[in-house]
Number of protein chains: 2
Amino acid sequence: MRFTSEQRFDDDVLERRFILGEVPGILWTPGSASPSAPVPLILAGHPGGLDMMYARLAARARHAAAEGYAVATIELPGAGDRPRSAAADQARADLRQALAAGEQPSGDVVDRLVLPLVDQAVPEWRAALDALLLLPEIGGPVGFSGGVISVGVRLAVVEPRISAAVLFAGSFVPRSVVEEARQVTIPLLVLLQWDDEGNDRQMALDLFDAFGAKEKTLHANMGGHTGVPHFEGDDANRFFARHLK
Amino acid sequence: MRFTSEQRFDDDVLERRFILGEVPGILWTPGSASPSAPVPLILAGHPGGLDMMYARLAARARHAAAEGYAVATIELPGAGDRPRSAAADQARADLRQALAAGEQPSGDVVDRLVLPLVDQAVPEWRAALDALLLLPEIGGPVGFSGGVISVGVRLAVVEPRISAAVLFAGSFVPRSVVEEARQVTIPLLVLLQWDDEGNDRQMALDLFDAFGAKEKTLHANMGGHTGVPHFEGDDANRFFARHLK
């Protein structure tokens, strides 16, 4: 992991860009954290495209950093400046075509779009976790927050260092991921935008139902994909305070 | 409204029992509230049976009173020591029979059980509100919190003094109430126990979907009817802090 730039904000949060192998990422840490007190870490998921997502990610990260968390994110495969996949581009085109025709996309289209992404992204997130936990200012425990929700589900199943997750039900979910969700036992807060135009509400409810966690909470709010109310950021911080501190 | 007993708790909350016409009730007020600063009021709904519900109601009320709210509740028609209705008893027996047979109760049974209760209870809650708002220590605004959810829905439609509501989706809901919900425009927080054995989850989701409010949030948690996690009490207080203060 190599840091490529750094910037300190008014709120004393330190933002550092990094590169890990070929994967770019961003790390936010509380500026006032003393080196003798390593902080918990939140991995911040997103739908891909760090530059496009930067404003929302940075706002969420600085909100959490202000409460004593380190927050890190990496670019998804095929997004931003990373090499594109012809198969994923084809699946995305098929998905858009179905939505434009007012149809629910077929399971096959969703599988072709999401499953290869999960298979490639999850080892990258785990490698990032390896590198981040070597930094003296980061201790643990570790949470995951955001989307792609199928990436969060797989991470929660395979990565024992993740203790709690806030998952954003804002993308299509393969049937096999709903099955995989039965193996998730860490505490979960699932956010659902009730009228999200780019989301299958029933699939999100099925996914919530499937999770094997004893403590799981669903928060559904009005508005579309990007309309998550500001107070949900406070709720996510309180959820992590219960489970990571 | 006539006060019949009073008790002051360690946390300085004052609990007073009262009777209004033939309807008994309980009022909790923050002990330290100065008479020059009237506090907002939360009407605390419940499924009927004040004595049976007392422990849970008092815990919620004192939690809210500690944050500066007055909380009041009244007995439901046909519950506790109030005169029973033969028709309601028959409907309740029919409901139990359907549930015991593993069936969803018919719409007719739910209508016979819930609609007369709503018709009788709502004017009583409004009369209690009239009396409570005459007390110098209570100002407003007014919120409603709890169940029976159909009572909360009707109150939110007909009573303009109610500014926000936390509704517990813990009872069967007549189809006509789902229609009525479209007229509810105040901010809502709806609590749903995902595995509530005495509740129709799909009806609760349909009801949430129907509400006409621009700000509505659903919180679903695991566990049965009485298993609402403690942190939802904090969430409800924060919801009311956003809308009643």
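**Close-up views of a predicted model**

Helices α2(B) and α3(B) are oblique to each other, because their axes cross at roughly 140 degrees, and angles over 145 would be needed to count as roughly antiparallel. The model shown in these views is predicted.

**View 1. Helix α2 crosses helix α3 in chain B.** Helix α2 of chain B spans residues 86–100, and helix α3 of chain B spans residues 107–132. Their axes come within 8 Å. The crossing of α2(B) and α3(B) is left-handed.

**View 2. Residues of α2(B) meet residues of α3(B).** From α2(B), the contact draws on Ala87(B), Ala88(B), Ala91(B), Arg92(B), Asp94(B), Leu95(B) and Ala98(B). From α3(B) come Val109(B), Arg112(B), Leu113(B), Pro116(B) and Leu117(B). By class, this contact has nine nonpolar and three charged residues, with no polar ones.

**View 3. Chain B touches chain A.** Here 11 residues of chain B are in contact with 11 residues of chain A. On the chain B side, β9 (216–221) and α7 (231–244) each supply at least two residues. The largest share comes from β9(B), with six residues. By class, the chain B side has four nonpolar, three polar and four charged residues.

**View 4. Strand β9 of chain A pairs with β9(B).** The β9 strand of chain A covers residues 216–221. The two strands run in the antiparallel sense, and five bridges join them. Which residue of β9(B) is the bridge partner of Thr217(A)? That partner is Asn221(B).

Key: Residues are numbered from 1 along each chain as its sequence is written. Chains are lettered from A and ligands numbered from 1 in the order in which they are written. This is a predicted model: local features need pLDDT of at least 70, side-chain atom pairs count only at pLDDT 80 or more; totals for chains, interfaces and linings use all residues. Axes are lines fitted to C-alpha atoms, for helices over the stretch in contact, and angles run from 0 to 180 degrees between N-to-C directions. Helices (H or I, at least four residues) and strands (E, at least two) are DSSP runs, numbered from the N terminus. Angles under 35 degrees count as roughly parallel, over 145 as roughly antiparallel, 65 to 115 as roughly perpendicular and the rest as oblique. A crossing is left-handed if the near helix is turned anticlockwise from the far one by less than a right angle, and right-handed if clockwise. Two residues are in contact if their C-beta atoms, placed from the backbone, lie within 7 Å. Ala, Val, Leu, Ile, Met, Phe, Trp, Tyr, Cys and Pro count as nonpolar, Asp, Glu, Lys and Arg as charged, and the others, Gly among them, as polar. Two strands pair if DSSP finds at least two bridges between them.
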